[in-house]
Amino acid sequence: MTNRIFIISDTHFGHKKICQFEPVARPFSTVQEHDDELVHRWNSVVRKHDTVWHLGDVLFGEDSFDILVRLNGVKKLVMGNHDSYPIERYAQHFSQICGSAKVRDCILTHIPIHPNQFYRFKANIHGHLHSNTLSDPRYINVSAEQLNLTPVLLDTILLKLKEAE
């Protein structure tokens, strides 16, 4: 069985106000309901040996680290602006932790890169913007709100990118 690569950003596990900030995409009554549904959606597509690149803003609150144990896959983290706990806490759950990563000629970041960097990359797969998007098709927002709160295959992203060219 082939190792598949998934991507998602901005899960915001344990974030008590995320459902207020994003009521359309995250229509949950409680943070517990929100977190349980995101875990369910994640595990409905990701298998044990799949790789998942999480592009930052994983969780809020020390207790939320327990949620990461429930998630399938080999997890890798591109740090986000809210990922502020000691790196050792993340290292217990993520096999790789970085500020950005290059995968298949794309740069994975949390915050979108400056447009003058596109001579080096085919696209910028990023998070941070939640329900907002940028008009340039080289920017691919994988915030949870853009993905029906479910990790998406990198191959699916790259196919859509190719179709947009």
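These legends walk through several views of a predicted model, from the whole chain to single residues.

Residues carry numbers that start from 1 along each chain as its sequence is written. As this is a predicted model, local features need pLDDT of at least 70 and side-chain atom pairs count only at pLDDT 80 or more, while totals for chains, interfaces and linings use all residues, and side-chain values use heavy atoms, with hydrogens and water left out.

**View 1**
Helices (H or I, at least four residues) and strands (E, at least two) are DSSP runs, numbered from the N terminus. Read from the N terminus on, the elements follow the order β-α-α-β-α-β-α-β-β-β-β-β-β-α. Along the principal axes, the C-alpha atoms fill a box of roughly 40 × 35 × 30 Å. The radius of gyration is 15 Å, which agrees with the value near 15 Å for a compact globule of 165 residues; this radius is taken over C-alpha atoms, and the globule rule is 2.2 Å times the number of residues to the power 0.38. Buried residues make up 50% of the 165 residues in the chain. Here buried means under 20% relative accessible area, exposed means over 50%, and partly exposed is in between (1.4 Å probe, protein chains only).

**View 2. The open sheet of five strands, in the order β4-β3-β2-β1-β9.**
Two strands pair if DSSP finds at least two bridges between them, and the pairing in this sheet is mixed. β4 (96-98) and β9 (152-153) are at the edges with a single partner strand each, so one side of each is left without a neighbour in the sheet. Further in, β1 (residues 5-8) and β2 (residues 51-54) pair in the parallel sense over four bridges. Look for I7 here: its bridge partner in β2 is W53.

**View 3. The open sheet of four strands, in the order β5-β6-β7-β8.**
This sheet also has mixed pairing. Its edge strands are β5 (101-103) and β8, each of which pairs on one side only. From one strand to the next, the twist averages 25°. Axes are lines fitted to C-alpha atoms, for helices over the stretch in contact, and angles run from 0 to 180 degrees between N-to-C directions. Helix α5 packs on the sheet and touches β5, β6 (106-108), β7 and β8, with its direction at about 140° to that of β7. Contact means heavy atoms within 4.5 Å. Between β7 and β8, the parallel pairing runs over three bridges, and N124 has Y139 in β8 as its bridge partner.

**View 4. The largest nonpolar core, with 41 residues.**
A nonpolar core is a set of buried Ala, Val, Leu, Ile, Met, Phe, Trp, Tyr and Cys residues joined through side-chain atoms within 4.5 Å. I7, F13, W53, L108 and I125 have the most contacts inside this core. Helix α5 (residues 154-164) gives the core its largest share, four residues. Another core lies apart from it and has five residues, among them I107, I113, F118 and Y139. Back at I7, the contacts beyond four places in sequence include W53, L55, L108, I125 and V142.

**View 5. H130, in the loop between β7 (123-126) and β8 (139-141).**
H130 counts as buried because its relative accessibility is 13%. Its side chain makes a polar contact with the side chain of H12 at 3.4 Å. A polar contact is a pair of N or O atoms within 3.5 Å; within protein, one must be able to donate a hydrogen and the other to accept it, and residues adjacent in sequence count only if both atoms are side-chain atoms. Leaving out residues up to four places away in sequence, H130 touches several others, including D10, E22, R26 and E145.

**View 6. D10 and N148, two loop residues with positive phi.**
D10 has phi near 60° and is not a glycine; this residue lies in the loop between β1 and α1 (18-21). N148, also not a glycine, has a phi of about 55° and lies in the loop between β8 and β9. D10 counts as buried at 0% relative accessibility, whereas N148 is exposed, with a relative accessible area of 55%.

**View 7. I97, in strand β4.**
At 26% relative accessibility, I97 counts as partly exposed. Beyond four places in sequence, I97 touches L77, M79, I87, Y90 and A91. I97 and H54 are 43 residues apart in sequence, and their C-alpha atoms are 9.7 Å apart in space.
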